[in-house]
Amino acid sequence: MSETVYGTPFFRMSRINKFYQMGDEQAHILKDISLTIERGEFLSVLGPSGSGKSTLMNIIGCLDVPTSGEYILNGEETNGLSEKELAGIRSREIGFIFQNHQLLPRLTALKNVELPLIYAGVPGRERRRRAREMLIRVGLEDRMNHYPNQLSGGQCQRVAIARALVGGPSILLADEPTGALDQKTGRQVMELFRELNDEGRTIVMITHDLKIAQNARRVVHIIDGELTEGGDATDV
């Protein structure tokens with residue numbers, strides 16, 4: 001696939017390949033993937049189970065490294081970095097949103113949102129202020145002191161979004177963010193994503209669901225480890 005350039009990119013993958021050793025054979029999971037994203041885009045990576053989208057997500061999120069190829073995120077070359085250096089990039093640049101929100105059950109919504117700031121060494125008063133601001137931003141000002149088991153699935157996902165935003169990441173990486181939600185709640189979460197994108201947030205969303213993918217401004221397809229451009233979401 002040839003690269004599609006939207007202005008000055010801040011995210012660029014070039015000829016990414018990923019192999020895994022499986023017994024005596026090598027499985028070719030990602031095949032010469034090239035992808036460019038401009039700051040402020042809302043991109044969906046659409047693909048079925050087994051297509052390679054989870055592997056691609058892990059590489060985008062610096063949770064894994066390619067076997068070959070080049071990945072530059074916000075001007076920083078990721079090839080050859082140590083795990084500690086990759087962890088630093090994850091902390092600075094990427095806000096993760098997962099399908100099952102992954103909140104800690106013994107912490108309130110406020111404390112869950114504070115967690116990334118605790119790891120970053122932000123002082124207590126400042127991190128509480130920032131966590132409150134993010135919870136207000138996602139519409140949970142009256143749920144700050146509730147625990148996950150006192151919140152609905154959609155509210156838990158909003159807490160997870162606030163947690164992803166609180167560190168001021170360059171990019172939000174969402175893995176099947178509505179997969180555990182009913183349709184109505186999923187639509188509400190997608191509305192929030194579009195609002196965040198309208199504010200200038202860069203979002204990459206991984207999904208198998210065409211209707212969810214169509215909420216993005218741009219869609220690419222991954223099938224059998226190969227990426228193809230889907231054009232504007234309305235053209236899918």
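This is a predicted model: local features need pLDDT of at least 70, side-chain atom pairs count only at pLDDT 80 or more; totals for chains, interfaces and linings use all residues.
Let's start inside. The largest nonpolar core holds 35 residues, and Val113, Leu135, Val159, Ile161 and Phe193 are the ones that touch the most other members. Six elements are listed as giving two or more residues to this core: the helices α3 (109–119), α4 (124–137), α5 (153–165) and α6 (183–198), together with the strands β7 (171–175) and β8 (202–207). The biggest share comes from α5, with 7 residues.

Beyond its neighbours within four places in sequence, Val113 is in contact with Ala131, Met134, Leu135, Val159, Ala162, Arg163 and Val166. Apart from this core lies another one, of 28 residues, including Met57, Leu86, Ile89 and Ile94.

**Helix α1**

Met57 also takes us to helix α1, where it is one of the buried residues, along with Lys53, Thr55, Leu56, Ile59 and Ile60. Helix α1 spans residues 53–60 and is mostly covered, with 6 of its 8 residues buried. After α1 comes Cys62, which has a positive phi, near 60°.

**Salt bridges**

The whole structure contains 15 salt bridges. Three of them are set out here.

| Pair | N to O distance |
|---|---|
| Arg15 and Asp32 | 3.2 Å |
| Glu76 and Arg92 | 3.0 Å |
| Arg129 and Glu126 | 2.6 Å |

The salt bridge between Arg15 and Asp32 links distant parts of the chain: Arg15 is in strand β1 (residues 9–22) and Asp32 in strand β2 (residues 25–38), 17 residues apart. Asp32 has a relative accessible area of 33%, so it counts as partly exposed.

Glu76 and Arg92 also pair through their side chains. Glu76 is partly exposed at 28% relative accessibility, and Arg92 is partly exposed at 43%.

Where do Arg129 and Glu126 lie? Both belong to helix α4, 3 residues apart, about one turn of the helix. An α-helix has 3.6 residues a turn, so residues three or four places apart point the same way. Arg129 is partly exposed, with 38% relative accessibility, and Glu126 is partly exposed too, at 29%.

Definitions and conventions
Residues are numbered from 1 along each chain as its sequence is written. Side-chain values use heavy atoms; hydrogens and water are left out. A nonpolar core is a set of buried Ala, Val, Leu, Ile, Met, Phe, Trp, Tyr and Cys residues joined through side-chain atoms within 4.5 Å. Buried means under 20% relative accessible area, exposed over 50%, partly exposed in between (1.4 Å probe, protein chains only). Helices (H or I, at least four residues) and strands (E, at least two) are DSSP runs, numbered from the N terminus. Contact means heavy atoms within 4.5 Å. A salt bridge is a side-chain nitrogen of Lys or Arg within 4 Å of a carboxyl oxygen of Asp or Glu.
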